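Hi,

Here is the model I promised to pass on.

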Amino acid sequence: MALDVKTQSRNEFMSGGYALPWAFSPEHDSWKTTLQEFGINRIAPEAAQRTIEEKFDPDLALAVGALGAYGLLIPTEYGGQGADLRSLCLAAEETAVHDSSLAVTIHVQAISLALLAHLGKDRPELLRETLPKAVTGETFISFGLTEPTGGTDAGHIETRAIKKGADWVINGSKQFITNSGTPFSKYVILFAATGEASGAGRSPISAFLVPLDAKGVTVGPLYRKLGWRASDTHPLFFDDVRVPGSALLGEEGRGYGEALRFLTWARLPIAAMCSGLARGCLIDIDRFVADRTSFGKPLGDHQAVAFKTAEVAALGSLARVMTYDGAWKYDHGHPIQQEAATAKLLAAEAANKAAYIATGLLGGYGFMEESAATRHYQDARILTIGEGTPEVQKMLIARLLGMGQR
Ligand SMILES: Cc1cc2nc3c(=O)[nH]c(=O)nc-3n(C[C@H](O)[C@H](O)[C@H](O)COP(=O)(O)OP(=O)(O)OC[C@H]3O[C@@H](n4cnc5c(N)ncnc54)[C@H](O)[C@@H]3O)c2cc1C
């Protein structure tokens with residue numbers, strides 16, 4: 001019996017990416033439509049300007065809160081959506097089609113809220129006090145792990161919390177902390193060494209919820225960045241910061257391990273951003289070649305141009321399949337260690353290649369700051385760094401193969 005071969009339409013591919021009908025429910029489809037409308041009407045118009053001016057836009061951040069993107073993984077009793085990882089990946093992906101700075105703003109808020117809900121699961125009063133306002137974007141909670149001495153070896157932490165009576169006193173610093181200096185920034189989930197170093201020379205690491213307006217906390221100056229320029233990134237300094245015992249999240253000495261295990265899935269929204277960024281590149285190429293002729297014919301009619309465009313499309317498809325394969329498995333309770341690391345590794349490389357090709361295809365315009373391809377090129381670089389460099393992803397994959405560092 002001959003099978004009827006169907007083909008996804010050009011319009012569907014350009015606007016929604018490589019079709020993955022197995023991955024999504026009608027609710028996901030409708031959420032994606034909402035995100036796409038928001039993207040076109042609210043995100044795209046000023047995206048170039050925000051990046052050029054390095055401008056975090058508070059009104060846009062609140063509009064994202066009203067849309068429900070920050071609290072996707074938060075139970076409804078705390079004001080969240082009680083949705084799944086695929087929904088968060090869709091938010092990251094559709095936002096990154098236009099503006100990766102906004103996508104990372106959403107990502108960091110969403111993972112920080114999910115981590116707080118996880119570490120504070122036995123403390124409903126704390127969650128009632130903190131989560132509802134964070135879900136709407138009235139308050140931001142940042143994630144403070146990386147230190148000036150290095151982020152890859154994240155278990156080597158020099159920030160220290162010492163117990164003084166019922167309180168903890170914290171000294172140290174963090175760097176590259178997203179969402180920590182916005183008008184809404186209220187807390188940081190801070191990882192600090194507590195207790196004595198073990199035989200391996202490492203101290204147990206605990207997690208704390210530290211108010212950014214506590215005495216002794218300094219939010220350092222905004223970093224000037226190559227990409228994610230309209231996102232908000234600062235160093236944080238802690239000088240004899242005294243917090244009550246209730247600031248400790250989870251068990252003493254276990255916060256870091258618990259957070260790392262829990263946040264394995266957090267690589268997948270970054271892979272989703274790679275897919276969105278690659279689609280943004282494709283859209284910009286499509287717009288450019290439609291208007292341009294060379295050697296007497298439309299630019300897209302030259303096979304070399306068509307091949308490069310096809311490669312951008314294929315790279316975005318790779319990122320998309322890897323993302324939603326992992327997210328679907330997570331949402332259905334399957335293991336995702338291998339999937340999350342592989343998706344992050346390959347999708348980030350794909351996004352960088354797509355942005356490189358796109359800027360080349362736009363010629364001189366691909367070097368101008370107002371062009372979307374230029375913005376995607378700037379934003380692509382960090383996708384191989386944040387949530388773990390390629391070396392980290394390879395360490396994780398190698399470990400699953402029983403090789404390398406354990
Ligand atoms: C814009 C931006 C936003 C960020 N937001 C946050 C945030 O909100 N919260 C947060 O906690 N962190 C955040 N980070 C930090 C980010 O997670 C780290 O930059 C990243 O993990 C890498 O750490 P590092 O910069 O200290 O590099 P290092 O750890 O110093 O690594 C330098 C290089 O050495 C390589 N390397 C290290 N060890 C090995 C090894 N054993 N084998 C092979 N290669 C190795 C790395 O892969 C890398 O290429 C952000 C960073 C940026 C740039």
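This is a predicted model: local features need pLDDT of at least 70, side-chain atom pairs count only at pLDDT 80 or more; totals for chains, interfaces and linings use all residues.

Residues are numbered from 1 along each chain as its sequence is written.

On that basis, 21 residues surround the ligand, and the closest are Leu145, Thr146, Gly151, Thr152 and Thr389. The shell splits into 8 nonpolar, 11 polar and 2 charged residues (Ala, Val, Leu, Ile, Met, Phe, Trp, Tyr, Cys and Pro count as nonpolar, Asp, Glu, Lys and Arg as charged, and the others, Gly among them, as polar). Strands β1 (140-144) and β3 (167-178) each give at least two residues to this shell; helices (H or I, at least four residues) and strands (E, at least two) are DSSP runs, numbered from the N terminus. Domain 2 (142-251) and domain 3 (260-400) each contribute at least three shell residues.

As for the domains, the assignment gives domain 1 (20-136), domain 2 (142-251) and domain 3 (260-400), with bounds from an automatic or database domain assignment. The centres of domain 1 and domain 3, taken over C-alpha atoms, are 20 Å apart. Across that pair, 24 residues of domain 1 are in contact with 26 residues of domain 3, contact being C-beta atoms, placed from the backbone, within 7 Å. On the domain 1 side, α3 (47-53), α5 and α6 (100-119) each give two or more residues, and α5 has the largest share with 9 residues. That side comprises 14 nonpolar, 6 polar and 4 charged residues.

So what does α5 do next to α10? The axes of α5 (residues 85-96) and α10 (residues 303-331) come within 8 Å and cross at roughly 150 degrees. Axes here are lines fitted to C-alpha atoms, for helices over the stretch in contact, with angles from 0 to 180 degrees between N-to-C directions. That makes α5 roughly antiparallel to α10 (over 145 degrees; under 35 is roughly parallel, 65 to 115 roughly perpendicular and the rest oblique). Leu85, Arg86 and Cys89 of α5 meet Thr323, Tyr324, Ala327, Trp328, Tyr330 and Asp331 of α10.

Best wishes

Note on methods
Two residues are in contact if their C-beta atoms, placed from the backbone, lie within 7 Å. A residue is near a molecule or strand if its C-beta atom, placed from the backbone, lies within 6 Å of it.
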